[in-house]
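Here is a quick walk through one protein model, from its metal site out to its surface. Keep the viewer open as you read.

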Amino acid sequence: MKKICILGSTGSIGRTTLEVVRQFPGKFKVIGIAAKNNINLLESQINTFNPEVVAVYDESAAGELKKKNLPVEILTGEKGLIEVATLGHADMVVSAIVGSAGLMPTFAAVSAGKNIALASKESIVMAGSIIMSEASKKGVSIIPVDSEHSAIFQCLAGRKKDEIRRIILTASGGPFLNKSISELETVTPEAALKHPNWQMGKKITIDSATLMNKGLEVIEAYWLFGVPVEKIKVLLHPQSIVHSMVEFIDGSIMAQMSVPDMKGPISYALSYPDRFEDVLPPLDFSRVKELTFEEPDFVKYRCLSLTYDALKAGGTMPSVLNAANEIAVDAFLNRRILFTEIPDIVSNTMAQHEVSECNTIESIIDASNWARGEAEHLIESVKRIQT
Ligand code: MG
């Protein structure tokens, strides 16, 4: 039985991970779970899965949960998350904390030699070089949970890096695929949160609408698969059936397909190198009317082009891009800026940043904190112009 810890157990990926655990009794034992502050859901997860250790990031929420006298140790703060991430007898850590908050726990898990099922793409975007070198030093496997990277991982199936001609990441294009640039100015958070194909958390759904999510995935693919950025392409594929493709040097292309459901990639990461039976329903090709692909418009989807800029600038720049985006998305959700101002905030923050080498996790967190402050400052000045 594989012993697993789940960082971000109350989020979309965390909940689906627990569904997979429940679907395959006897395969897994959940020994630790960690979440930000949703203690009602945590309480029911504790009762269902009986973990040994629980961490609640938010201290007052942790205090509330402790009052319930549940038969489990409750930890708190980042220290608590790290304790769950490094539990001595865990075989695998599912890293599914949204945003930059996932970085330290994920890095701690890698350093402790835990195999990782990686959903928290921001961790690898911020600190790809450090996490990957630590993983190889510790002999840790990082199995992607992101559907595109799971697809690439499955297509590669152990092939050599130098056999890859191109990695083709597919993107649904989000809810605004058919809107013009000028129509995007007036879209509301509610409209942006309606993703046509995938059920996901708020932050990633907005990132899907701006295509920042795909950009972060380009950076994620760069680190996970070790191919040059020139070989990573993005294609819009609104049906979300082909989850990504690998083209090999001889011109042969492998694609991974399934109905769009995160249970697929999550289950594969947990069961790897095996496959579980009947995770997803069969794909009925007679009902798939068409599979279409088109080049993304880099003017409309400016966030995507900013991620290529950040990757080329290297060092601390991807961390700055990521932090500025988190602040901008939050400001959009709170109606402080327009949808089309998200890339402005990210781009202007990047323009103010002096890139430095990222030799340590601390230097990355410093750059991220600086970017959060700078982006916040820029949002304040946008607001002044509007009012
Ligand atoms: Mg994805």
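## Ground rules

This is a predicted model: local features need pLDDT of at least 70, side-chain atom pairs count only at pLDDT 80 or more, and totals for chains, interfaces and linings use all residues. Residues are numbered from 1 along each chain as its sequence is written, and side-chain values use heavy atoms, with hydrogens and water left out.

## The magnesium site

Three residues supply the protein donors of the magnesium ion: Asp146 (OD), Glu148 (OE) and Glu217 (OE), at 2.1 to 2.2 Å from it. Donors here are N, O and S atoms within 2.8 Å of the metal (3.2 Å for Na, K and Ca), and since water is not among the atoms, sites may look incomplete. Along the sequence, the donor spacing reads D-x1-E-x68-E. Glu148 sits in helix H7 (residues 147-156) and Glu217 in helix H11 (residues 212-225), so this pair ties together parts 69 residues apart in sequence. Helices (H or I, at least four residues) and strands (E, at least two) are DSSP runs, numbered from the N terminus.

Both glutamates are tucked away: Glu148 is buried at 8% relative accessible area, and Glu217 is buried at 1%. Buried means under 20% relative accessible area, exposed over 50%, and partly exposed in between (1.4 Å probe, protein chains only).

## Salt bridges

Count a salt bridge whenever a side-chain nitrogen of Lys or Arg is within 4 Å of a carboxyl oxygen of Asp or Glu, and you get 18 of them. One of them pairs Glu247 with Arg166, with the closest N and O atoms 2.8 Å apart. Glu247 is in strand E10 (residues 242-248) and Arg166 in strand E8 (residues 164-171), so the pair links parts 81 residues apart in sequence. Glu247 is buried at 7%, while Arg166 is partly exposed at 29%.

Asp207 and Lys203 also meet in a salt bridge (2.7 Å, N to O). They are 4 residues apart in helix H10 (residues 202-210), about one helical turn, and both Asp207 and Lys203 are buried.

## Helix H1

Helix H1 (residues 12-23) has 12 residues and reaches 17 Å from first C-alpha to last, close to the 16 Å expected at 1.5 Å a residue; that expected span is 1.5 Å times one less than the number of residues. Its buried residues include Ile13, Leu18 and Val21.
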